[in-house]
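Please keep the sequence and the model in view while working through the numbered points.

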Amino acid sequence: MLFDHCAECQRCCNVESGYPPLEITLTQREEKRLGSICIQIKCDHLGNQGCTLGDDKPFGCTLYPLSYNPQKQNFYFDADCPLMDVYIQGLADSQSEASAHLAKVTAGVAKLEKTDPVFLQQNFEVDKAYFDLKKITPFKTKTKSKKSSQKATL
Ligand code: SF4
């Protein structure tokens, strides 16, 4: 299974030595529930089998290894995640784990565009600064606009 590798890798829940701490961007609702999550070296919520938060896992973490630019309405992939090639190939199959993940986070993004657009913008700013983002598809969460034909840039 595609994401089985995550429990072993755990790279995205750790900060490599020499890098600044990573503050996980939280939605307003998550902030009320979780306070804040700042990874100095290893996330406090990381267990041997991966994230221990279950259904309370922050949306930004669920979204990873994707990132979403709310202005361009584009999804990006963190090229440092070793699953990138397999994930992108998987998108060709609507029944794949990658397609299921993309559908799930697309639904989450659509909801947050209405309820917490500030989170989406802040999350993308952090992702842009921290990750090596590659645009994956011209996928849109809304109907096409004139902007969709323009060359995509971050
Ligand atoms: S909250 Fe969970 S998924 Fe997010 S960084 Fe921490 S351990 Fe990883």
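Two residues are in contact if their C-beta atoms, placed from the backbone, lie within 7 Å. The model discussed here is a predicted one.

1. **Asp127 and its contacts.** Asp127 is found in helix α6. When neighbours within four places in sequence are left aside, Asp127 is in contact with Ser67 and Leu133. Is Asp127 buried or exposed? Asp127 counts as buried because it has 21 C-beta neighbours inside 10 Å, and the threshold for a buried residue is 20 or more. Tyr68 lies 59 residues away from Asp127 along the chain, and the C-alpha atoms of these two residues are 8.7 Å apart.

2. **The chain as a whole.** The chain contains six helices and seven strands. Their order along the sequence is α-β-α-β-β-β-α-β-β-α-α-α-β. Of the 154 residues in the chain, 21% count as buried. Among contacts between residues at least 6 apart in sequence, 62% join residues at least 24 apart.

3. Strands of a sheet pair through backbone hydrogen bonds, in either a parallel or an antiparallel manner. Here, three strands form an open sheet in the order β5-β6-β7, and the pairing is antiparallel. The edge strands are β5 and β7 (133-135), each of which pairs on one side only. On average, and with direction ignored, neighbouring strands of this sheet are turned by 40° against each other. The antiparallel strands β6 and β7 are joined by three bridges. Phe77 stands opposite Lys134, a residue of β7. Helix α6 packs on the sheet and touches β5 and β7; the direction of α6 makes about 125° with that of β5.

4. **The nonpolar cores.** Which residues of the largest nonpolar core touch the most other members? In this core of 16 residues, they are Leu63, Leu66, Tyr68, Tyr76 and Leu120. At least two residues of the core come from each of α3 (59-63), β5 (66-69), β6 (74-78), α5 (97-115) and α6 (117-130). A second core of five residues is separate, and Cys13, Ile24, Ile37 and Cys43 are among its members. As for Leu63, it touches Tyr68 and Val105, not counting residues up to four places away in sequence.

5. **The ligand shell.** The residues around the ligand are Cys13, Ile24, Ile37, Cys43, His45, Leu46, Cys51, Leu53, Lys57, Pro58 and Cys61. By class, the shell is made up of nine nonpolar residues, one polar residue and one charged residue.

6. **Backbone details to inspect.** The loop between α3 and β5 holds Pro65. Tyr64 and Pro65 are joined by a cis peptide bond, with omega about 10°. Gln10, in the loop between α1 (4-9) and β1 (22-23), has a positive phi of about 60° although it is not a glycine. Gln73, in the loop between β5 and β6, is likewise not a glycine and has a positive phi of about 55°. Gln10 counts as partly exposed because it has 17 C-beta neighbours inside 10 Å. Gln73 counts as partly exposed because it has 19 C-beta neighbours inside 10 Å.

Notes: Residues are numbered from 1 along each chain as its sequence is written. This is a predicted model: local features need pLDDT of at least 70, side-chain atom pairs count only at pLDDT 80 or more; totals for chains, interfaces and linings use all residues. A residue is near a molecule or strand if its C-beta atom, placed from the backbone, lies within 6 Å of it. Ala, Val, Leu, Ile, Met, Phe, Trp, Tyr, Cys and Pro count as nonpolar, Asp, Glu, Lys and Arg as charged, and the others, Gly among them, as polar. A nonpolar core is a set of buried Ala, Val, Leu, Ile, Met, Phe, Trp, Tyr and Cys residues joined through C-beta atoms within 7 Å. A residue is buried if 20 or more other C-beta atoms lie within 10 Å of its own, exposed if 12 or fewer, and partly exposed in between; C-beta atoms are placed from the backbone. Helices (H or I, at least four residues) and strands (E, at least two) are DSSP runs, numbered from the N terminus. Two strands pair if DSSP finds at least two bridges between them. Axes are lines fitted to C-alpha atoms, for helices over the stretch in contact, and angles run from 0 to 180 degrees between N-to-C directions.
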